[in-house]
Amino acid sequence: MSFDTTGADNQSGDALENLLTENRHFEPSAEFAANAIVQAGEYAKANADRPAFWAEKSRELLSWSKPFTKSLDWSNPPFATWFEDGEINAAYNALDRHVEAGNGDRVAIHFEGEPGDTRTYTYAQLTEEVKKAANAFESLGLAKGDRVAVYLPMIPEAVITLLACARIGAIHSVVFGGFSADALRSRIDDAEAKLVVTADGTFRRGKPSSLKPAVDEALANPGHSVTNVVVVKRNGEDVNWVEGRDVWWDDTVGTASAEHTAVGHASEHPLFILYTSGTTGKPKGILHTTGGYLTQAAYTHRAVFDLHPETDVFWCTADVGWVTGHSYVTYAPLINGATQVMYEGTPDSPHQGRFWEIVEKYKVSILYTAPTAIRTFMKWGEDIPAKYDLSSIRLLGSVGEPINPEAWMWYRRVIGGNNAPIVDTWWQTETGAIMIAPLPGVTSTKPGSAQVPMPGIAVDVVDELGASVPHGHGGYLVIREPWPSMLRGIWGDNDRYKDTYWSRFDGMYFAGDGAKWDEDGDVWLLGRVDDVMNVSGHRLSTTEIESALVSHPSVAEAAVVGAADETTGQAVVAFVILRGSAVEDADIVTTLRNHVGREIGPIAKPKTILVVPELPKTRSGKIMRRLLKDVAEGREVGDSSTLADNTVMNQIAASLKA
Ligand code: PRX
């Protein structure tokens, strides 16, 4: 992996570290602390015996059709198993058992469509829909272990599809709707998906936006593994139809029987694959299994959000295309019997108060969103949320990227009424569930820091050699002990799994993030130390975008960096060397941005493309992105003494001035 051991590309330098001192603390109110689901004793209990702690939580929060007798098996690292001899059905845990317990009339999902249409599903109704979808998928020949690619907008059918797959033991692989046909094709091929579930399209800022054409394009060439495409009618657009392959959701799921008995699957049966960007061009299919994943998702959801399922209304704004939409929309809230809000659209449609209108309408009590959204709301002005009644909010969550103290304070004051605790939650697609976060009834919170490892989670910050650093120092974030919702591998590539996560530091999971312990022993996340960028909380790989750029005939070479951006955290900035006559093409920048959009998806389009005559390289040919980042962020260029040709930076500067 292209991990820079000199720390040259590491933004967690001294300058950043010095900024990270924070003396403000916010104690939970006495009332909040007294009613909190999880109390302080939890840490000691978990530390005394981690596998026993997780086994207890698993039994408490989940219904096992065959109880397990073993907790963790770590005899073959880095391959862990949790609760291996148990059997469990995820969908039964999310649905049927709540109905059996007499809670069938409780609202599971308040759905708010972008155009303003709404739907409400009680637990009984959602159970029925999932049973129908399970029957329909089985009637299309889908069996346990088969893979299903899901390319859907944020509509209830997404949750129904995922739970129907889990019910029958099929493995879902959600591809975010903002990814292109090419990206979809490579993910379908890698997982050899048998079924695709999609929609005609969705709505974006009041206009229809299509999905089905990308599926048609992805499946245009023969030789793929897909036998059927199930299409949800959502925006009513005309679609192309492949007879024998395509079926309408309403004609299959809509007409299927609502009787379906859930059987238990082995705890280590794969639940889903989710592709994420790494340091190389090819996205990794992160594999999660069932029992351990559900245990930690459910536990963290209760503990970190202090969930009182009878009274709370939970709203996680993440799309189901990302891991947050798996763990904290599809699985944990339903496993825990919560009522949640699901919203299809963007925060500014049809007006910039849409989120707050939704909070007021459904009396949302727990809101979980990303710093990039919070910074956007700050930009729009506090008079917008002030128009709505936000008094139902009692807890706020943040995820996806570091939250700067200024945004944290604004979130607390303007959205949280100066009272709601804020939980900043650090985790990854690979970790499956929250790993570092305050416990809102226990921890006194601190703006900008994710703070403390969850009970039962062994986080550390280490130096180059893997030795723990003392409080007040920075280094690399690692996880020292296996955890229940850890990834079980990379789909089809065990070696890559070992290399990427377990080879940098002996016996420890390397997260790819820089981190620092402060003097109080709280963790501060300092951003990625590898070639992964974080744009609006979305993970993008520099190499993947570089590959997309050089696949264009006009591009000879490309280097991509994530430059600091006030709103999106980082923004994609590309430096390209053009071939021959392309230099004279006035539209080349637009052409290349669109090309990246087609290759990967609109979210990967560079914000800025700079045409340069050369790229800075070391003698061994490695591009020095650190120097390009200095240029992109408008700083004086740092030490360039290791460049093969030290006039390159001057050439670049001259070309950008011209
Ligand atoms: O760099 C960290 C950042 O997001 C990365 C994981 O991205 P992804 O797998 O897409 O999952 C995002 C949602 C869980 C991490 O390596 N990250 C995530 N949460 C935080 C964060 N950085 C700082 N603070 C956070 N709370």
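A disulfide is a pair of cysteine sulfur atoms within 2.5 Å. Keep that cut-off in hand for the first stop; the model is predicted.

**Cysteines**

Select Cys316 and go to its sulfur. The closest cysteine sulfur belongs to Cys165 and is 20 Å away, so the distance is too far for a bond. Cys316 has a relative accessibility of 2% and counts as buried. Now select Cys165.

**Ligand shell**

Next, select the ligand and the residues around it. The shell holds 17 residues, and the closest are Thr425, Thr429, Asp513, Arg528 and Arg539. Colour the shell by residue class: six residues are nonpolar, six are polar and five are charged.

Show the backbone of Gly400 and Glu401. A polar backbone atom of Gly400 is 3.1 Å from a ligand nitrogen. For Glu401, a backbone N or O atom lies 3.3 Å from a nitrogen atom of the ligand. Then turn to the side chain of Gln428, where an N or O atom is 2.9 Å from a ligand oxygen.

The ligand taken alone exposes 540 Å², and 96% of that is buried by the protein. Finally, switch to a cartoon and pick out α12 (323–335), β20 (422–425) and β25 (523–528), the elements that each give two or more residues to the shell around the ligand.

Definitions and conventions:
Residues are numbered from 1 along each chain as its sequence is written. This is a predicted model: local features need pLDDT of at least 70, side-chain atom pairs count only at pLDDT 80 or more; totals for chains, interfaces and linings use all residues. Side-chain values use heavy atoms; hydrogens and water are left out. A residue is near a molecule or strand if one of its heavy atoms lies within 4 Å of it. A polar contact is a pair of N or O atoms within 3.5 Å; within protein, one must be able to donate a hydrogen and the other to accept it, and residues adjacent in sequence count only if both atoms are side-chain atoms. Accessible areas come from the Shrake-Rupley method with a 1.4 Å probe; for residues, only the protein chains shown count as cover. Helices (H or I, at least four residues) and strands (E, at least two) are DSSP runs, numbered from the N terminus. Ala, Val, Leu, Ile, Met, Phe, Trp, Tyr, Cys and Pro count as nonpolar, Asp, Glu, Lys and Arg as charged, and the others, Gly among them, as polar. Buried means under 20% relative accessible area, exposed over 50%, partly exposed in between (1.4 Å probe, protein chains only).
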